[in-house]
Amino acid sequence: MKLMKTLGLAALLAAAAQAAQANVDTDSVRRGAYLARVSDCIACHSAPDGKPNAGGLAMDTPVGKIYSTNITPDKETGIGDYSYEDFARALRQGVAKEGHSLYPAMPYTSFARINDADMRDLYAYFMHGVAPVAQENRDSDIPWPLSMRWPLTLWRWFFHDDSAYQADAGKSAEWNRGAYLVQGMAHCGTCHTPRGAAFQEVALNDKKAGYLTGSQLAGWYAGNLTGDAREGLGGWSADELVEYLQKGRNRYTAAFGPMAEVVHYSTQHVSAGDLAAMAVYLKSLPGAGAADVRPVRTGSALFFE
């Protein structure tokens, strides 16, 4: 009798699991998988020779190394116990489920632009389309008291805008799609916009000077993406820009360093329509030289005056 009860309970649990799986919106998971590619999540949240999305990638900051976190749905070490609201707050506001502030190396300053439908698809993918990996997150190498996270609350107050993308009614649907992707999920400004004294992006969109005018970060120069003829994309056609994002090269240059990783993990997988929209938006940006932010090296770190 006891064995039969045990077997009955096991069958009940298996049926419940199957029912739960049956309720998963597979289309939402599929869309979320694509959006995660656009967002290039795997590049930062996967360590060399590590499991995808399990975290552990070291990132240099001016005050020490930080390590990307486990974003698989493992309930103990990942984000498996995140509700949708927890997930959206982390991506839009830079606050973890436990309440601590995320370092702005996580591009929540861009992900705040993501609309609700896309955010829900991303959540569906990370909850149901990613294999859970039990891997503890690693503490940063930042020494105390610089490792305290409460000052990041003040940083967000001064520098973060968590409003969603607002379409420009005077522009085409293709332009708006490109602006939405560039400013949001593709988070181009994270690398291609200069940073100020507090390591903040000097502009989060094209409404403010300095956006996408190029930046030096972690020993690399991320180019000027405006229409500047000398420093930027003024001489490129939209088709040549799409070719570069698809193949990592065109008649002008080839991708290297971090941009080569972006092509490998992200842009080569982005649809031709979305790449064309991004090109339309980028080619609409008027030429602008790099903002007056001078990089200063101190050891291996990069500071800004």
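Here are some questions and answers about this predicted model.

Q: How many disulfides does the count come to?
A: A disulfide needs two cysteine sulfur atoms within 2.5 Å of each other. For cysteine 44, the nearest cysteine sulfur belongs to cysteine 191 and is 8.0 Å away. That's too far for a bond, and the count comes to zero disulfides.

Q: Is cysteine 191 buried, partly exposed or exposed?
A: Buried would take a relative accessible area under 20%, and exposed would take one over 50%. Cysteine 191 comes in at 37% relative accessibility, so this cysteine counts as partly exposed.  Cysteine 44, with a relative accessible area of 34%, also lands in the class called partly exposed. For cysteine 191, then, the label is partly exposed.

Q: Which residue has the backbone oxygen that the side chain of histidine 160 reaches?
A: Start with the location: histidine 160 sits in the loop between α7 (151-159) and α8. Leaving out residues up to four places away in sequence, histidine 160 touches several residues, including Gln93, Tyr108 and Trp155. At 2.7 Å, its side chain reaches the backbone oxygen of arginine 92.

Q: Why does histidine 160 count as buried?
A: The cut-off for buried is a relative accessible area under 20%. Histidine 160 counts as buried because its relative accessibility is 16%.

Q: How many of the 10 residues of α4 are buried?
A: Let's go through the names: the buried residues of α4 are Tyr84, Asp86, Phe87, Ala88, Ala90, Leu91 and Arg92. They pack against α5 and α6 (116-128). Helix α4 is mostly covered, and the number of buried residues is seven.

Q: Which residue, with a positive phi, follows α4?
A: Helix α4 covers residues 84-93. What follows this helix has a phi near 75°, and that residue is glycine 94.

Q: Which helices do the buried residues of α8 pack against?
A: Helix α8 spans residues 173-183 and is mostly covered, with eight of its 11 residues buried. Among them are Trp175, Tyr180 and Gln183. These buried residues of α8 pack against α2 (26-39), α5, α6 and α12.

Q: What is the volume of the largest cavity?
A: Searching the whole structure for cavities of 30 Å³ or more turns up one. Its lining includes Thr109, Arg113, Gln183 and Tyr211. Sorted by type, the lining has two nonpolar, four polar and two charged residues. As for the volume of this cavity, it is about 30 Å³.

Q: Which residues is alanine 105 in contact with, leaving aside its neighbours within four places in sequence?
A: You'll find alanine 105 in the loop between α4 and α5 (108-111). With 38% relative accessibility, alanine 105 counts as partly exposed. Contact means heavy atoms within 4.5 Å. Once the sequence neighbours are set aside, the contacts of alanine 105 are Met59 and Ile66.

Q: How far apart in space are alanine 288 and glycine 210, C-alpha to C-alpha?
A: Alanine 288 lies in the loop between α12 (272-284) and β5 (295-298). Setting aside neighbours within four places in sequence, alanine 288 is in contact with Thr213, Asn224, Thr226 and Asp228. Alanine 288 and glycine 210 are 78 residues apart in sequence, while their C-alpha to C-alpha distance is 7.5 Å.

Technical notes
Residues are numbered from 1 along each chain as its sequence is written. This is a predicted model: local features need pLDDT of at least 70, side-chain atom pairs count only at pLDDT 80 or more; totals for chains, interfaces and linings use all residues. Side-chain values use heavy atoms; hydrogens and water are left out. On a 1 Å grid over the protein atoms alone, a cavity is a set of points where a 1.4 Å probe fits but cannot get out, and a pocket is an open set with protein on both sides within 12 Å along at least five of seven lines; lining residues have an atom within 4 Å of a point. Grid points are joined across faces, edges and corners, and a volume is the space filled by probe spheres set on the points. Ala, Val, Leu, Ile, Met, Phe, Trp, Tyr, Cys and Pro count as nonpolar, Asp, Glu, Lys and Arg as charged, and the others, Gly among them, as polar. Helices (H or I, at least four residues) and strands (E, at least two) are DSSP runs, numbered from the N terminus. Buried means under 20% relative accessible area, exposed over 50%, partly exposed in between (1.4 Å probe, protein chains only). A polar contact is a pair of N or O atoms within 3.5 Å; within protein, one must be able to donate a hydrogen and the other to accept it, and residues adjacent in sequence count only if both atoms are side-chain atoms.
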